Amino acid sequence: MKISRKWLQNYFDAPLPDAETIANAYTFHAFEIDEIQGDLLDVKVLPNRAADCLSHRGLAKELSAILNIPLKTDPLREILPASDVGTYHVPTSLAVKIEDPKKCLRYMGALVKGVKVGPSPDWLREALESVGQRSINNIVDATNYVMMNIGQPLHAFDAASLDSARDKKLAIKVRNAKEGEKITTLSGDEYELSPNIQLITDANADAPIALAGIKGGKAAELTDETTDVIVESANFDGTTTRRAAQALKLFTDASLRFQNRPSPELAAYGMREVLALITDIAGGEVAGVVDEYPAPASAPAPVSTSLARINGLLGSDFSREEVENVFKRLALPYTVVNDIFTVTPPFERTDITIPEDLVEEVGRIIGYDKIAPKELPVDNGAPDQSRFRGIERMKDQLVEQGFIEVSTQSFAPMGDVLLANPLDKNMPALRTSLESNVNDALARAKQYAPLVLAPNQKPKLFEVGTVFPKEGEYVELRMTERVPEWGDAAGTTDNLSVAKLEDYGKDYVPERYELGAYQPFSVYPFIVRDIAFWIYSAEGETPPGPDVEASKMEELIREHAGPLLVRLNLLDRFEKKGRVSYAFRLVFQSREKTLTDAEANETIEDISGALSQIGHEVR
Amino acid sequence: MTTPGRLHPITIAIREIADIFGRMGFGIAYGPELEDDWHNFTALNVPEDHPARDMQDTFWVKGEPGKVLRTHATSVTMRKLEEMAKSGMSGMRMINPGKVFRNEATDMTHEAQFYQLDGFAVGPTGSVTLAHLKGTFDRFYREYFGPNTKVRFRPSFFGFTEPSVEIDVWFEAPGRKGQWLEMAGAGMLHPNVIKNAGLDPEKTQGFAFGGGLERLLMVKYGIPDVRLFHSGDIRFNYAFEQKVRTSDVLTSEKSV
């Protein structure tokens, strides 16, 4: 939800701190901030608060509680005009019908006559632009503004585009779409519908005018000539709206709000706000409001918790006053008797239903930084890691035998268990064995061996992973070859789910390794070259020991090999007739490109030249 | 003499993590990767129509409605809590490292299959608190990442915990400026979850946590791409300088 600091300021007399301070306040007490751009903040409202906080009003209220600065005004606490005796009367010229009250919980429709569609006043245009919205016209802007201000999605239809021929009465029906029925939305896109998508229709013409809770239709779009509008403030079921939006791949500000189930009570506040704004900036008169509300939402039930429970769950040491202060700052009506708090949530706080919800309010508003870390008390008895250690013991033995552990993908081209929705159509199944994966890895390992393994090291691999044959999943150990030390009975695979690994691992301490920083490897091919030479030793000079000698030779080669040398291994050393021979294997690779043979040869020549210059005899 | 092979970096990490948590009294638990709807969603207080249950986010099994590739290793927590209820134990601490699956497009930071380090600690009411969760992670990250590490909590939301928090870690990579990184989600187990396991939420409480394991390694070692982990490419094993650690003394592995 994008909000602007200036818009928020409307809710406060006291000047708000800068955007950075506001962002920190939200981050540590309510919601993460995705982005700050000047005075615009993109707030990542959590799912349990999306019913009331996808609005400037909701976020202003949070900020009021966090920073402890009072709200100047709260539109949701201002008493509504009573529908039967108040400002609005039921119009004789508009009827509303809901087909399925489980999918449309409330539908308020207002008829406003004599409006003048035109540009919005500057303040409204600027407010919308401050949160990245585009101004369209005064009526549409009014509906968007109120939605972003208090969270109620709204829509306005051109009344003249609805059929009123028969009895001069406009009629709206909320119903499921028919199979194959079509609608063109305001943006001009046509959608073919199915019955799980709910529509707003012109009942007289039986024609769709909007995708319920998602987007308006072209058929009843406002134009410059529009004088009478039907304003909708409704509540559509969250699941129905989400599934429809998903099926149509059309997620909108409205659908996002409905799928989080705001209270149907909010619709009346939305209607009041938008009618006041429309008549203010576009003129006209409210001819009346219809309110279809088949099963009015019951007021949220009071929730109780004790001071002991709060501190017992948080591990904190908060006082009764501190807790009371949280409820005051959040303006949650509460009573406290013998350290038991009873909170009666206002209608929009649909998230407060159990005692733990109150504990969370206390924890986050006071701040989790006020809870001192405690170490868990020492547990009696050693923790059970024996199965894990059994598996690790087996792995350690394999590593000792020269095996390298790999990890591969669980998806496979074929198998006994098929996915209903594979990510990759070529890998629709779960692996029944690790065999082909480790063999494939071995083929690649052989290719890379000169790069990472010693010249005498044979690539041998193993994997421990879950496999899914039709008999049921198990953890398989798979090796690319047998381990002779394990005896003749041992093959290249084992079912670790049935192996008695607990006893095997009970007293074993797995080998531990320390890794250095990751060193990226080049994706380009490498070239292997061997070099062999007789070394020169000056007459009468005592040769150094073989180790010192070898490292001196290595140093010499590295010095002249340049940056392309990625691996250098001593292949062999022998003495013959008082002369000493060395052979080294060199691996060349570039990080930027595929090396040519010529480049490798050139480097070898440089090295040979350098060796010869000292008197070594390259063979 | 045979030149030793090499373990996968994930194995090396899990051993280190198991050791740290082991010293805080945590065992290691396992569970199936092909889970039922109950342990992956319903018992964990994920409502019937939650978006996580959609095909868009979760892999479902063809012809077996109600079977999913687990989307988190919290399913193992659920199974262990059920065991606890059956056996009449009053407390338990476990970490559940294991592979999990998400139906999402892969890129440098997302994989459809990855490891999660999940876990929990429960005990009699009042004995395992949010302060203990903080203490546990304070210690874990300090031991895993180094003594300059700090931990902070931010409010969050998960169906199976209430209150819920996001755990951030202050990490200073060698030679780089320190920064706060989002590492795991956690919270106090929701009473519905405790009830669903067959335990009495009036008598039992505890915390649960979960976070990506690859992410821990990516941060610690500077690994740029999550897809390297499960590629079966041995160049990944050898992309690190490796030392053997014997009883807290590091010795350089004999160079090959």
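In chain B of this predicted model, residues 24 or more positions apart account for 65% of the contacts with a separation of 6 or more; a contact here puts two C-beta atoms, placed from the backbone, within 7 Å. Local features need pLDDT of at least 70 and side-chain atom pairs count only at pLDDT 80 or more, while totals for chains, interfaces and linings use all residues. Residues are numbered from 1 along each chain as its sequence is written, with chains lettered from A and ligands numbered from 1 in the order in which they are written.

Chain B holds 7 helices and 11 strands, taken as DSSP runs numbered from the N terminus (helices are H or I, at least four residues; strands are E, at least two). Its C-alpha trace spans about 55 × 45 × 40 Å along the principal axes.

Over in chain A, 4 strands make an open, antiparallel sheet, ordered S6-S13-S5-S14; strands count as paired when DSSP finds at least two bridges between them. At the edges sit S6 (154-158) and S14 (285-292) of chain A, each pairing on one side only. From one strand to the next, the twist averages 20 degrees, with angles running from 0 to 180 degrees between N-to-C directions of axes fitted to C-alpha atoms, for helices over the stretch in contact. Helix H6 (residues 138-150) of chain A packs on this sheet, touching S6 and S13 of chain A, and its direction makes about 165 degrees with that of S6(A).
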